[in-house]
Amino acid sequence: MTLTRLLARRHRLMLICWPLLLVALCCTLPAYQNTYTTPGQRRIAVESAQHNAASTLLYGRLPDPGTPAQMYAWEIGAFVTILAAVMAVLVAVAVTRAAEDDGSLELFRGCGISPAQPLRSALTILATMSVVLAAGCAAAITVTAGGAEGVTGAGTAVFGAVTGLTFLVVATGTVLLAQIVATAGHARLLGFTALGGAFAVRAFADTEHLDGLNRLSPLGLRAVAEPFTADRWTALAPAALAALLLAAAAMILSARREFGTGLVRRRDTRATRLRIRTTAGLHARLTRSSLLVWTVAVAAIGALFATMGSGAVEQRRDGEVGGFLGAQLGAGDPTAGYLAYQGTLVGIVVSVFAILAVLDGRHAEDTGLTAQILATGVRRWAPTAARAAVTVAGGAVILTVTGVLTALVAPEFLAGDDIAVRGLAFTLGQWPAVVALTGFATLLAGAVPRFAVLAWLPLLAGGVTALLGDLLGIPGRVQDLGVFLHVPDVAAPDRPVAALLVLVVAGVVSIVAGSIGAGRRDVRA
Amino acid sequence: MTEPIVDVAGLVKNFGSFTAVDGLDLRVAPGEVHGFLGPNGAGKSTTIRVLLGLYRATTGRVRVCGRDPARDAAAVTARISYVPGEVTLWPNLTGQEVLDAFAGLRGRRDTAAERRLTDAFALDTRRLVRTYSKGNRQKVVLVAAFAAPTGLLILDEPTSGLDPLMEEVFQQCVRDAAAAGRTVLLSSHILAEAEDVCDTVTIIKDGRLVESGSLAGMRHLAASTITARLAGDRAGAVVARLRQTGAAVDGDTGAVRLAVPRDLVPAVLGVLADANADDITCTPASLEDLFLRHYEVAAR
């Protein structure tokens, strides 16, 4: 078995799931044909999007005349290229520096493999993934587009190529950065920082009409190539050349550094002390970096999302929005509907944070860390309860920061009553849902850890009922069983909170039951 | 009679259909250094996890510090220092922060002992754990264990990853702990390590007790090894005399090797001296000999 195949096999889950997600996202073109029932309605939506600064910041500029294919390339194209770039950072680090850090590459190097081979294998995998992504996205459009207006073979091919090349440029850039920094974690952090910079450059170029700047950002490739509008194949050549140069530079730098280290030395020592007395205190200290990253990311994305709703809210007031967005805005005050929709999305994301944090407890048990904590006189239930308590508190922190930021920026972009209070309340109001899902995950991870993966089920069900319940015709009583649709409008005369209390109580009871269950079974490992 | 600090009777631990520990008895008296010996997979770590309350016994009676660890795990582990066989620590903390974490959770610490042990093990506690070698990670938990104000140390393969110099430091720490009245249960498959520091040993294999008792007593029962070189013309006659003593003789000309019960050693040495044999050596039974003898018996 070659090293390339071995690396691919080792990371097969990541290499299969990410492309599947992106290809699935590319299957949504027909929705742009169906959302607006008449050309006039679509024209109004296009003009609104073209004059909305927040939309331009996030997606770029929507070209005329705004066919469904162009809207798809503008909106879904933005999501797909950003996700492809995120995937590129994660995969590039996983097949290069992460394999060095965990010692597996050391074993391979001891089997007669040349020093340059691991990086060559990694680059081969990344290039292959780029081709798979390009082909998969193009195939998804071809199969699902039907007769959607504006879809062409050339545009489809350019869209696929843009996705693949965005992935490849970011991946090779990350591989280059991974030769410089000390660890895989630093490489990921630097890769995402560079990605944030690329997004900022693209956003600045689009909002300030500086088209040339888009050529400097991998995320600007979509705007330069313009799939379904100009279909500029030649615009892709510089990106392909950049990927080649980045890969070559990475090979050169790789040959100049020691195995397991970067060209830049890391700071490996510090004289700080840890002043904790409880398991919860220790867990809070251990997770604070992760919590900070989640808080910044969710607050930034949540607040940005809140600023983007003005067009949709105005159109809804005119009765011109149907489909998915229309269902989210509901029949009442569209501003409240939009902020509730934003709060639901934030609640779903924070619930992902919470479930991941709770399920990480299995890893702590498997590696013996929990056993070492328990050997210091800590009660058997304490690590499980502490993890749940810190997770619930962390969820509150993320929601509070996001809610406050939303309350500060949303009134500048959305018209309506009580925007700030509603923005804060709809976000903070998702905390009971987070508590309930944390509790369910704790119950499974604590009492029956082999079934802990089922913790994702209520999140999935709650997400589907909240986002697609009306579109799928799910009865209201069934939708009420989901955890995300119980936040009342604080500006409405009737503000029922019984469901929120039930969620909190259910979460707390589950946490207690899960902690007791953890104390009554054998520790894993 | 003093109550054992570790008192296990008829311990059985099943994982599904697999029996990891099968009717084990283990007693450790206060203040003794007790070797817990057995090959890989013998059930040593499983037994230790039961002692710590991490696993629940399927059947059997388990008492540690007079308490049942399955019911009072926290009360038991508050009096125990534990060093696991596989040490994993939090990579983003420094060695000192890990020591602070363990001491903070325990609620008690002996700062002077911690500093002394850190120096003895030559451990740089300012470094991040992710930069530590396996041996350095082992040192962190050894410092935490010996520095904690506890009465019982449970050490599961504690020297894996330590260099020979640090193994000597470790053995001195065990002797100091015993001198201070602390009890040590030392699990190991490195026989020389147990031989150097243990007063008593328990040997297990396949989850079952093979033998338990004082090291001196076991040696008394086991054969010493005597080797010698005999002159060629008288070798046959000398070997015949040696066999008459009841010793088992390996080789009949030139070099001979004998397994001799302790009470026959003077007679055998007398025969060899009379025969003017050269290069005579006499080695008391090592723990390794005991170990191998028991394995051979168990394998038959």
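**Close-up views of a predicted model**

**View 1. Chain A is built from 24 helices and 0 strands.** The radius of gyration of chain A is 24 Å, close to the 24 Å that the globule rule gives for 525 residues, so chain A is as compact as a globular protein of that length. The model shown here is predicted. Along its principal axes, the C-alpha trace of chain A spans about 70 × 65 × 40 Å.

**View 2. Buried residues make up 51% of the 525 residues in chain A.**

**View 3. Helices α10 (residues 153-180) and α13 (residues 237-255) of chain A pack together.** Two packed helices are described by the angle between their axes and the distance between the axes. Here the angle is about 20°, and the axes are 8 Å apart. Angles under 35 degrees count as roughly parallel, and α10(A) and α13(A) are therefore roughly parallel to each other. The crossing of α10(A) past α13(A) is left-handed.

**View 4. Side by side, α10(A) meets α13(A).** From α10(A) come residues including A:L165, A:L168, A:V169 and A:G173. Those from α13(A) include A:A239, A:A243, A:L246 and A:S254. By class, this contact has 15 nonpolar, 4 polar and no charged residues.

**View 5. Chain A touches chain B through 27 residues of chain A and 30 residues of chain B.** On the chain A side, α14 (279-307) and α18 (369-374) are the elements that give two or more residues. α18(A) gives the most, with 5 residues. The chain A side divides into 12 nonpolar, 8 polar and 7 charged residues.

Terms used. Residues are numbered from 1 along each chain as its sequence is written. Chains are lettered from A and ligands numbered from 1 in the order in which they are written. This is a predicted model: local features need pLDDT of at least 70, side-chain atom pairs count only at pLDDT 80 or more; totals for chains, interfaces and linings use all residues. Helices (H or I, at least four residues) and strands (E, at least two) are DSSP runs, numbered from the N terminus. The radius of gyration is taken over C-alpha atoms; the globule rule is 2.2 Å times the number of residues to the power 0.38. A residue is buried if 20 or more other C-beta atoms lie within 10 Å of its own, exposed if 12 or fewer, and partly exposed in between; C-beta atoms are placed from the backbone. Two residues are in contact if their C-beta atoms, placed from the backbone, lie within 7 Å. Ala, Val, Leu, Ile, Met, Phe, Trp, Tyr, Cys and Pro count as nonpolar, Asp, Glu, Lys and Arg as charged, and the others, Gly among them, as polar. Axes are lines fitted to C-alpha atoms, for helices over the stretch in contact, and angles run from 0 to 180 degrees between N-to-C directions. Angles under 35 degrees count as roughly parallel, over 145 as roughly antiparallel, 65 to 115 as roughly perpendicular and the rest as oblique. A crossing is left-handed if the near helix is turned anticlockwise from the far one by less than a right angle, and right-handed if clockwise.
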